[in-house]
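This report describes selected side-chain contacts and aromatic pairs. The sequence and the structure are shown first.

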Amino acid sequence: PFVVAATLALANALYGLFVVPESLKPENRRDFSWARANPIGTMVTLSKYPVVFGLGLALFLAGVAQRCLESTWVLYTEHRYHWDVRATGISLGVVGIAAAIVQGGLVRRILPKLGERKTLTLGMSIAALGFFGYGIAPWGWLIYVILAFASFGGLGMPAAQGLLSKSVPANEQGMLQGGVASLNSITAIVGPPLATNLFGYFISSKAPFQLPGAAMFLASLLALSALLVARSTFKRIPA
């Protein structure tokens, strides 16, 4: 799997280098700066935009929630539903298909009709409910029912990125996207150890009670917090 992943990553890099056209116009390019060439420098620069700071925090919380789900999915489904490697692989394949349908097809229809604020609110609300549903589902087959609903949580990210891109000038769009990517990388540092330790504790004999879905409930709480932060940030965005 690692060799296949490396091959795909290399193919992606070559495609970007030789096929994808340059989208940044010369007048919107900026001189290179070491002060901005790191996650902290980027976020400090972008923090002058209140909307970017607020939505960035919301995306960070939502990202940690997603990492909690991803890092415990195999452990959780094996422990609670006794899924084997094949069952887990099928479930993750279905997750990918659902994400492709929602983010690759439905989002372009829903966003223009609801607008970015309502779409973000809808997506984050569904995500919070979906995480909670995973945590309480008593049977493995019910996961697929919840998954069909929870996949619409993927509407939140495109809506948030749309709002973010409108909040910074054209010559800072690249830095914005780099900052968002940096935040996403940090969630991958914070989320997995947080979620796996929480899961491990609540299935151990040390826990006051058994709660295999503890990491899912944490993810739900984080997604709800992200929604509240985003809703608060909307007050700073002109209607």
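In this predicted model, the side chains of Glu116 and Lys166 are joined by a polar contact of 3.0 Å. Glu116 belongs to helix H5. Leaving aside residues up to four places away in sequence, Glu116 touches Leu111, Ala159, Gly162 and Leu163 as well as Lys166.

Aromatic rings form a further topic. A pair of such rings is described by the distance of the centres and the angle of the planes. The structure holds 8 aromatic pairs. One of them is formed by Trp73 and Tyr134, whose arrangement is edge-to-face. Trp73 lies in helix H3 (residues 50–81) and Tyr134 in helix H5 (residues 116–136), so this pair ties together parts that are 61 residues apart in sequence. Trp73 and Tyr134 are both buried.

Another pair consists of Trp139 and Trp141, which counts as stacked because the ring planes stand at 5° and the centres are 5.8 Å apart; planes under 30 degrees apart meet the cut-off for stacking. Trp141 has a relative accessibility of 55% and therefore counts as exposed, since the cut-off for that class is over 50%.

The values for the two pairs are set out below.

| Pair | Centre to centre | Angle between planes | Arrangement |
|---|---|---|---|
| Trp73 and Tyr134 | 5.4 Å | 90° | edge-to-face |
| Trp139 and Trp141 | 5.8 Å | 5° | stacked |

Aromatic residues also come together in a group: Tyr76, Tyr81, Trp83 and Tyr144 form one aromatic cluster.

Key
Residues numbered from 1 in each chain as written. Predicted model: local features only at pLDDT ≥ 70, side-chain atom pairs only at ≥ 80, totals over all residues. Heavy atoms only, no water. Phe/Tyr/Trp six-rings, centres within 6.5 Å; stacked < 30°, edge-to-face > 60°. Helix = DSSP H or I, 4+ residues; strand = E, 2+ residues; numbered from the N terminus. Buried < 20%, exposed > 50% of the residue type's maximum accessible area, 1.4 Å probe, protein only. Polar contact = N/O pair within 3.5 Å; in protein donor to acceptor, adjacent residues only side chain to side chain. Contact = heavy atoms within 4.5 Å.
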